Amino acid sequence: MTAVGPSVEPRGLPRFAMRANAWLVYLFFYAPIFLLIVFSFSDDRLVGRWGGFTLRWYGEFANNSEVQQSLWVSVRVAVLSTLVAVVLGTLAALALVRFRFFGKKVFDALLYLPVIIPDVTMAVMMLLFFTRLFDVLDDTFGLQLAKGFGSIVVSHVAFNISFVSIVVRARLEGMNETLEEAAVDLYATPWQSFRYVTFPQILPGIAGGALLALTLSLDDVVISQFVAGPGSTTLPVFVFGLIRRGVTPMINAVSVVMLVASVTLVVLSLVAQRSRDAAGSDG
Amino acid sequence: MTAVAERIDEPVGVADVERQAARERRRRGFLLALPAYAYLVFFFALPLVAVGVFSFATRNRFGGVDLAEWNLDSYRKLGEDIVFDILLRSFSLALLTTAICLVLAYPFAYFIATRSETVRNVMLVFVLIPFWTNFLVRNYAWRLLLGNDGPVSQVSQLLGLGEVRILFTPLAVVIGLVYSFLPFMILPLYAAIERIDWRLVEASRDLYATGRQSWTKVVFPLSMPGVIAGSILVFVPSLGAYVTPEILGGAKTTLLGSYIVSQFLTARNWPAGAALSMVLLTVMLMTTIIYFRSGGRNL
């Protein structure tokens, strides 16, 4: 991070092209989102045409019981899977950064896989696994298990653990270990040194990881679609189905609501990570 | 952790005590990792194995799966024309997406990395916002933009260029994929370029390198880890993309992700779907191994 000297900046046409490219990229990022918001207030049956201001599509959204129901499923799945993933992911991060133990390398690799595996592959994995597992359990115990809310939560936890542990780990690695050693030297039990020294310091990381987990859970379409059962459709799965059947202005309104929710989560996570020190901002 | 050893007063050999303390620490570390470890073994590694097992199974007449008879039929299916076309199309679209992302993101990341710290942070926040915004919504926005009589078409008609019919073509899919994954390219590139020691560039200029030369000989090679990491992070999800082609692509442009899903949800040929998932998994593992071999540390 040395000072950037003048030799770094291109001159003439490349300099202009670089600036123009930067503006174009931002335009590319924001124009679609902006237009989506605008058209969600448009009083026209065609989704991409302006026909005067209306709140009618938001009204339809508010009165659609299917949307309401799937929204509720999504929120419950996201909160539950985040809570479990935060606990497991934080413990995993602590173990990996502060301890050496049997099978650490394998564990490390296993934690990375859910991050880079394509959604479709993970969806296939979970579908086959639950189908097979439920078959076996049904046969052995005479149960009648079916995919649904539970299997969605379990699948979301499986990928969220990794993301939480990566964020918390970055935070832990940027933290000074001598503070913990000082606490132990002053006769703090391991629990006390965690509770009063480590935990307050990694809290922003945990909060950041939790918000990332919430976002990812609310983002997921493919995995949820594969392991959902009747009556346990999440909002993205429901909206995805609607889009495939044909777009309606109501989808614009639902999309804007989802958009506002995710931007709120981003802002919260940026605030949470604000207090980070020199720790890297990976992830 | 000598602190633990010092508190023990028994006349035992110091080596013994330390070994015991180390063992104790190792046990504690293992116990901390255990819940997540067990969870991932049971709900991730085991499902992964299940895909492998199913890919060798046979589909029976009722659309069910016969696990008893192992064979390579599902993998032979990869050579069939339809499947091969889909694989080829998916690979070329994913490559094209990666190339476009790289061309757009490199100057952009370079621009951010060479700003003052305040400007840099603001610019990065505005990259992160779309990155975190709901994936489905971002793709849907393009459906709206590119649709018949949509804003893009209206603008082009105003300009006298006639109607634009991009929706449901491979071009729409590429636009959607670039839009979805561009931040994955920008962020690692930025991280790599920001780490460059600019004194090296100054040194090259002092040695009479032209701007172009110091870029090709100094800056670009040093930013290589970012280029590779970004390319993997764009290529792998593009190859397995499902939502984007379903929303923006047409019936004639089936891609790998959609084909796999259809094998499970409509065609009910689970072994074939599992075999294709294994292909996707292999590509992912290979690119990741290449990345770590080439000196990358974390994705």
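The expected span of a helix is taken as 1.5 Å times one less than its number of residues. In this predicted model, helix α5 of chain B (residues 117-132) comprises 16 residues and should therefore span 22 Å, which agrees with the 22 Å between its end C-alpha atoms. Buried positions in α5(B) are B:Met123, B:Val127, B:Pro130, B:Phe131 and B:Trp132.

Chain B is divided into domain 1 (2-55) and domain 2 (74-293). The centres of domain 1 of chain B and domain 2 of chain B, taken over C-alpha atoms, are separated by 39 Å. Their contact involves 4 residues from domain 1 of chain B and 7 residues from domain 2 of chain B. On the domain 1 side, 2 residues are nonpolar, 2 are polar and none is charged.

The largest nonpolar core contains 169 residues. The residues with the most contacts inside this core are A:Ala92, A:Val124, A:Met126, B:Ala109, B:Met185, B:Ile186 and B:Leu189. Helix α8 of chain B (residues 170-194) supplies the largest share of the core, 18 residues. Because domain 1 (2-55) and domain 2 (74-293) of chain B both give residues to the core, it lies between them. Not counting residues up to four places away in sequence, B:Met185 touches B:Cys101, B:Leu102, B:Ala105, B:Gly230, B:Leu233 and B:Val234.

Between the chains, 76 residues of chain B are in contact with 77 residues of chain A. On the chain B side, helix α2 (residues 14-55) contributes the largest share, 21 residues. By class, this side of chain B has 53 nonpolar, 13 polar and 10 charged residues.

Conventions:
Residues numbered from 1 in each chain as written. Chains lettered and ligands numbered in written order. Predicted model: local features only at pLDDT ≥ 70, side-chain atom pairs only at ≥ 80, totals over all residues. Contact = placed C-beta atoms within 7 Å. Helix = DSSP H or I, 4+ residues; strand = E, 2+ residues; numbered from the N terminus. Nonpolar A, V, L, I, M, F, W, Y, C, P; charged D, E, K, R; others polar. Buried ≥ 20, exposed ≤ 12 C-beta atoms within 10 Å, placed from the backbone. Core = buried A, V, L, I, M, F, W, Y, C linked by C-beta atoms within 7 Å. Domains from an automatic or database assignment.
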